[in-house]
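Hello,

Here is the structure I promised to pass on. Please look it over first; my notes follow below it.

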Amino acid sequence: MTSTTSMTITREDEMISRLTLFRCLWTCLVPALLMLGCGNDDDTSQSLAALIAATTHGTGVDYTPLDNPTNAINSADAIIGGILIDIRPGIRVSESGTTDPRFNDNREVASYYVAYVIDVSERLSNKSTVTVPDEIEVQVLSDTQVSAAELARLNTRPEVIVALDMVSATDLDGISLKTESGSLVKSVFFPFTDMFWLDDGTGPKALYLDSLDELAPGWGSLSSLADLKNSLR
């Protein structure tokens with residue numbers, strides 16, 4: 001899927017994915033409205049491609065690419081490797097003082113996420129102020145028509161490399177992070193859009209990119225997660 005670039009980045013690199021979060025809140029509202037009432041594809045064969053398609057169906061993102069490995073290391077709070085072991089209900093990111101036309105109960109405009117649960121096997125980079133647990137939940141923008149339980153059934157336990165942005169509720173002006181039940185969340189990890197790669201033996205795939213060739217030119221020629229991992233060392 002090709003990204004759009006409708007907003008000019010005016011902050012430092014470490015704010016990139018946080019800005020992506022704000023843009024997702026609005027960019028994804030229109031596709032979600034278009035998808036309201038539409039069913040999902042009947043193909044539920046267990047594969048990484050099926051998992052990605054089911055997760056991202058009806059969503060879209062606007063992001064600024066990470067230019068090269070150095071940019072990724074400097075921008076991310078951590079870059080980790082591991083295995084995707086589960087998918088659980090994630091958070092809602094909502095804008096206070098707004099009403100979501102998708103529902104009849106006056107709830108706030110919100111983007112919906114599922115938590116991709118990763119068993120962390122290595123930390124390729126890690127800022128000293130951020131603690132990355134051995135099992136981490138990474139919030140992924142998702143299709144509201146598909147439950148986390150349905151996505152979990154499609155999990156083929158792929159290897160993962162992901163650059164993380166830890167976002168605290170205090171960092172967000174007018175934006176709230178809530179659990180599925182409505183409880184406020186203090187902090188969460190989001191992935192950088194072009195640095196969340198998965199491979200179950202069928203080749204590297206990202207949620208919104210089809211191949212490593214779609215990375216910025218500064219990454220050079222990469223063909224595997226091993227190549228990507230080596231570029232970050």
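**Salt bridges**

Asp86 and Arg88 are joined side chain to side chain by a salt bridge, at 3.5 Å from N to O. The term stands for a side-chain nitrogen of Lys or Arg within 4 Å of a carboxyl oxygen of Asp or Glu. Before the rest, a note on the source: this is a predicted model, local features need pLDDT of at least 70, side-chain atom pairs count only at pLDDT 80 or more, and totals for chains, interfaces and linings use all residues. Residues are numbered from 1 along each chain as its sequence is written, and side-chain values use heavy atoms, with hydrogens and water left out.

The structure has 7 salt bridges. Arg88 also bridges to Glu135, at 2.9 Å from N to O. Arg88 sits in strand 1 (residues 78-95) and Glu135 in strand 3 (residues 135-141), so this pair links distant parts of the chain, 47 residues apart. Asp86, Arg88, Glu135 and Glu137 are linked in a salt-bridge network.

How exposed are these side chains? Asp86 is partly exposed, at 27% relative accessible area. Arg88 is partly exposed too, at 28%. Glu135 is partly exposed at 42%. The cut-offs: buried is under 20% relative accessible area, exposed is over 50%, and partly exposed is in between (1.4 Å probe, protein chains only).

Another bridge joins Arg233 and Glu122, with the closest N and O atoms 3.0 Å apart. Arg233 lies in the segment after helix 6 (225-231) and Glu122 in strand 2, so the pair ties together parts 111 residues apart in sequence. Arg233 counts as exposed, at 61% relative accessibility.

**Overall layout**

The protein has 6 helices and 7 strands. Both are DSSP runs numbered from the N terminus: helices are H or I with at least four residues, strands are E with at least two. From the N terminus on, the order is α-α-α-α-β-β-β-α-β-β-β-β-α. Of the 233 residues, 51% are buried. Among contacts with a separation of 6 or more, 75% are between residues 24 or more positions apart. A contact means heavy atoms within 4.5 Å. The accessible surface is about 10,800 Å², and 48% of it belongs to carbon and sulfur atoms. Those areas come from the Shrake-Rupley method with a 1.4 Å probe; for residues, only the protein chains shown count as cover.

**Aromatic pairs**

There are 2 aromatic pairs. Rings of Phe, Tyr and Trp (its six-membered ring) pair if their centres lie within 6.5 Å; planes under 30 degrees apart are stacked, over 60 edge-to-face, and the rest tilted. Tyr113 and Phe190 have ring centres 5.4 Å apart and planes at 70°, so the pair is edge-to-face. Tyr113 is in strand 2 (residues 110-126) and Phe190 in strand 6 (residues 187-199), 77 residues apart. Both Tyr113 and Phe190 are buried.

Tyr116 and Phe196 form an edge-to-face pair, 5.9 Å centre to centre with 70° between the planes. Tyr116 lies in strand 2 and Phe196 in strand 6, so the pair ties together parts 80 residues apart in sequence. Tyr116 and Phe196 are buried.

**Helix 3 and its cover**

Gly58 follows helix 3 and has a positive phi, near 80°.

**Second largest pocket**

The second largest pocket holds about 270 Å³ of space. On a 1 Å grid over the protein atoms alone, a pocket is an open set of points with protein on both sides within 12 Å along at least five of seven lines; lining residues have an atom within 4 Å of a point. Grid points are joined across faces, edges and corners, and the volume is the space filled by probe spheres set on the points. The lining has 15 residues; Tyr112, Tyr113, Ser142, Val146 and Glu180 are the closest to the centre. Strand 1 gives the largest share of the lining, 4 residues. Strand 1, strand 2 and helix 5 (148-153) each supply at least two.

Val93 is in strand 1 and is buried, at 1% relative accessibility. Val93 and Tyr112 are 19 residues apart in sequence and 6.6 Å apart in space, C-alpha to C-alpha.

Best wishes

Methods:
1 Å grid on protein atoms, 1.4 Å probe; cavity = no way out; pocket = protein on both sides within 12 Å on 5 of 7 lines; lining within 4 Å.
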